[in-house]
Amino acid sequence: MKNQTNSQEKMSKAALLHQANEFVKKGDYESFLAYCTQDTQWVFIGDRILSGKEEVRDYMKEFYREPPVFSVDTTVEDGDFVAVTGEITLKDRSGIDHHYDYCDVWRFENGKIAALKAYVIEKRVSKRHL
């Protein structure tokens, strides 16, 4: 595990994040969580705050029943921070897809994800387009 951590620290933080997110796309949430610090904190603006890996794990079990489908439009790295914008689709309990735009700001410590501040806005169909 130490070799994995050392190689992770040499990667750009943006590359590390995108590598970790490949596990989310595959539904392998435990492998994604290996990229997080034990006390990682995720803040979903206007919704909830998750403190620690256990709360993030529980969130993923509840909201990622099927792996989310997401795309990345922009990635910007600055020091220990990586900002990412894009789109994500999640299925609700009844199997209906919900589409969102997102802007995530990730903070890293020692090559691991220590925090997330997520701005997520559900896309609404305009009546003008119907």
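How many salt bridges does the structure hold? There are 11 salt bridges, each one a side-chain nitrogen of Lys or Arg within 4 Å of a carboxyl oxygen of Asp or Glu.

A quick word on the ground rules. This is a predicted model, where local features need pLDDT of at least 70 and side-chain atom pairs count only at pLDDT 80 or more, while totals for chains, interfaces and linings use all residues. Residues are numbered from 1 along each chain as its sequence is written, and side-chain values use heavy atoms, with hydrogens and water left out.

Here are some of the bridges.

| Salt bridge | N to O distance |
|---|---|
| Asp47 and Arg48 | 3.0 Å |
| Glu87 and Lys123 | 3.2 Å |
| Lys123 and Asp101 | 3.4 Å |

Let's take Lys123, which pairs with Glu87 and with Asp101. Glu87 sits in strand E4 (residues 81-91) and Lys123 in the segment after strand E6 (112-122), so their bridge ties together parts that are 36 residues apart in sequence. Asp101 belongs to strand E5 (residues 97-109), so its bridge to Lys123 ties together parts 22 residues apart in sequence. Helices (H or I, at least four residues) and strands (E, at least two) are DSSP runs, numbered from the N terminus.

How exposed are these partners? Buried means under 20% relative accessible area, exposed over 50%, and partly exposed in between (1.4 Å probe, protein chains only). Glu87 is partly exposed at 36%, Lys123 is partly exposed at 34%, and Asp101 is partly exposed at 35%.

Now for the nonpolar side. A nonpolar core is a set of buried Ala, Val, Leu, Ile, Met, Phe, Trp, Tyr and Cys residues joined through side-chain atoms within 4.5 Å. The largest one here has 29 residues, and Phe32, Trp42, Met60, Trp106 and Ile113 have the most contacts inside it. Helix H2 (13-25), helix H3 (29-33), strand E1 (36-44), helix H4 (53-63), E4, E5 and E6 each supply at least two residues of this core. H2 gives the largest share, five residues.

Which residues does Trp42 touch? Leaving aside residues up to four places away in sequence, Trp42 touches Phe32, Cys36, Arg48, Ile49, Leu50, Val56, Met60, Trp106, Ile113 and Leu116; contact means heavy atoms within 4.5 Å. Arg48, then, is on Trp42's list and is also the salt-bridge partner of Asp47.
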